[in-house]
Amino acid sequence: MVGGSSNRVDVADHETTIRVPITDSIIPPLEVHKVCLPPNKTAFQSLKHNLSEIFFPDDPLHKFKNQTSFAKLVLGLQYFFPIFQWVPEYSLKLLKSDVISGLTIASLAIPQGISYAKLANLPPIIGLYSSFVPPLLYAILGSSRHLAVGPVSIASLVMGSMLREVVSPITEPVLYLKLAFTATFFAGLFQTSLGLLRLGFIIDFLSKPTLIGFTAGAAVIVSLQQLKGLLGITHFTPKMQIVNVLSSVVTHEKEWSWQTIVMGISFLVFLLTTRHISMRRPKLFWISAAAPLTSVIVSTILVFIFRAHTSSISTIGHLPKGLNPPSANMLYFSGPHLVLAIKTGIVAGILSLTEGIAVGRTFASLRNYQIDGNKEMIAIGVMNMAGSCTSCYVTTGSFSRSAVNYNAGAQTALSNIVMASTVLVTLLFLMPLFYYTPNVILAAIIITAVIGLINYQEAFKLWKVDKSDFFTCFCAFFGVLFLSVQMGLAIAVGVSIFKILMNVTRPSTVVLGNIPGTQIYQNIGRYRDASRVPSFLILAIESPIYFANSTYLQERILRWIREEEERIQEKEEQSIKSIILDLTAVTAIDTNGLEAIVELKKTLDKRSLQLVLVNPVGEVMEKLNSSKILESFEAKGLYLTVGEAIGDMVRRAKLEV
């Protein structure tokens, strides 16, 4: 059957077996091609190639080839400082777009910065400091045109929850602040090291299902924690588990303030409404972007006017004016809490790095340009190390601010400089205006921001597409809710690694059959037309053969043979004479794998069954040859295709008769 039916993918309801002797009309004669060895490489050449593919898959030095010394200098500056790529071509038109987008994201960054600092249990002014220095550095070092840099909810939550478990920000505020700056330094050091050593693939262990579940769980916890501000509760649990949080809300019912509740719910409804409008009509993005700052201004004015009647509504209070004070002298490099700072920095650093790169790549794909992941790691790492010395905590690219930046028409990273300049003006002149800003507004802003992190559509999609990925997402979500933020993340990563190990240690093997009238051999479980070939058992191995799975594969192949012999005996068909292993999908093999093939051949020889190998790829073929294993297969044990193998063995059998 040739044509469309030969390519139909279907689940077979039954197995078809050819019951007539093999003739040339069924298996057309083919020319037998020799399986060639790959070109010879020295050990140094092989090592160089492997290291290059691991650490330099993008070939970063290709632009420097055949260039003059001056050109290489310019390219070097552009590589390490991407600002030199767009500054020479900058125009007044671009400036107009960047200024508008910078002012727009500043209106969002100022209230969010204050809010996220509170989320990390830090003084609100730290959030503004963190919205000034890091964006300036990113504009020089970053390769994304649309990434808006500043504090983010997830990193703030992780830092706040991990540090608060050991050190109280209320009873030991100075020590807590030192640990926050130190954790930020180690986060930056870790991120920069990944970029310089080109080890960015490490963050790939945070799979998409892991992040979906983790961020959704964190969003729920963050929202519940804000009930303290929305209800006006003074004494609230520092724990992050959902049971403790809800219990604290109920047990402190007497502390609820109706004035705080009315104001909080009113502005929360306003913020959610503007967010909904902007989502339904993207051109009205500026409504949700301006809503947080508008809420801060209006609520501050209301509290100031009615301050004699709103004493139960807590406010931010005094915020110091001035630029970021130096904090290098506060870095904590010795003492009993150093390990805590390092651990917090690494966890927060990984999460912020993952979010920043993911956001940058998302908006780069929308505008059809590329960002360099390693450059981004260095840029984010450097700005966090510098930030730790200038009273900043962990920062990265924010999805909400970057989306506003993109929709506002940002063209280059200058929008970050405009935003930082606006924050600078705020720090120098506008700090007294925040004195009467109610904390309940900050809670409402945080809830509105993190609600977007609950991506139930993606979770539903995971359930439909891959149940194991959904299970990973499920573990992350409920781990965060009922255990802790870091435990939920650790469990999800553990489940992801376990899934990888299962795929490696228990790879798939399938039985192939011939699609009549063709030389195509496909899985008989998928293709209705695929038919077993009498006297042959054709197996395909669909993974590399390593020490972790070589024993399993050997046992699984012997089981396939036993099951086939039982089936043949039951249906009274021709007995098996040859086992064909299709190695097309075996991309690599180690010494354990080679030994498994040798042992398998010895076992089959004792049972008078012939083992035939088909289409080993370059590396596998090279190792089979260098280990002298091919010598034991002789001329009739290695073929380029399954069709050639069967055709040649059938002809040989006829000649022998």
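In this predicted model, the tryptophan W258 counts as exposed, because its relative accessibility is 63% and the exposed class begins over 50%. W258 belongs to helix α12, which covers residues 258-280. Along the sequence, W258 and L231 are separated by 27 residues, yet in space their C-alpha atoms are 7.6 Å apart.

**The nonpolar cores**

In soluble globular proteins, nonpolar side chains tend to be buried together. Which residues have the most contacts inside the largest nonpolar core? They are L122, V158 and F214, in a core of 91 residues. Helix α8, spanning residues 173-196, supplies the largest share of this core, with 10 residues. Apart from this core lies another, made of 34 residues and including V35, I545, I561 and L630.

When neighbours within four places in sequence are left aside, L122 is in contact with A117, Y176, L177, A180 and Y393.

**Aromatic rings**

Across the whole structure, a search finds 14 aromatic pairs. A pair of aromatic rings is described by the distance of the centres and the angle of the planes. Two of the pairs are set out below.

| Ring pair | Distance of centres | Angle of planes | Arrangement |
|---|---|---|---|
| Y79 and F80 | 5.2 Å | 90° | edge-to-face |
| W463 and F470 | 5.1 Å | 75° | edge-to-face |

Why is the pair of Y79 and F80 edge-to-face? The planes of these two rings stand at 90°, and an angle over 60 degrees counts as edge-to-face. The pair of W463 and F470 is likewise edge-to-face, because its planes are at 75°.

F80 counts as exposed, because its relative accessibility is 56%. W463, at 42% relative accessibility, counts as partly exposed. F470 also counts as partly exposed, with a relative accessibility of 24%; this value falls in the class that lies between buried, under 20%, and exposed, over 50%.

Ring pairs also join residues into a group: F474, F477, F478 and F482 are linked by them into a cluster.

**Charges over rings**

Two arginines are placed over aromatic rings. Where does R145 lie? R145 is found over the face of Y369, at 4.1 Å from the ring centre. R556 lies over the face of W560, and its distance from the ring centre is 4.1 Å.

Technical notes:
Residues are numbered from 1 along each chain as its sequence is written. This is a predicted model: local features need pLDDT of at least 70, side-chain atom pairs count only at pLDDT 80 or more; totals for chains, interfaces and linings use all residues. Side-chain values use heavy atoms; hydrogens and water are left out. A nonpolar core is a set of buried Ala, Val, Leu, Ile, Met, Phe, Trp, Tyr and Cys residues joined through side-chain atoms within 4.5 Å. Buried means under 20% relative accessible area, exposed over 50%, partly exposed in between (1.4 Å probe, protein chains only). Helices (H or I, at least four residues) and strands (E, at least two) are DSSP runs, numbered from the N terminus. Contact means heavy atoms within 4.5 Å. Rings of Phe, Tyr and Trp (its six-membered ring) pair if their centres lie within 6.5 Å; planes under 30 degrees apart count as stacked, over 60 as edge-to-face and the rest as tilted. A charge sits over a ring if NZ of Lys or CZ of Arg is within 6 Å of the ring centre and within 35 degrees of the ring normal.
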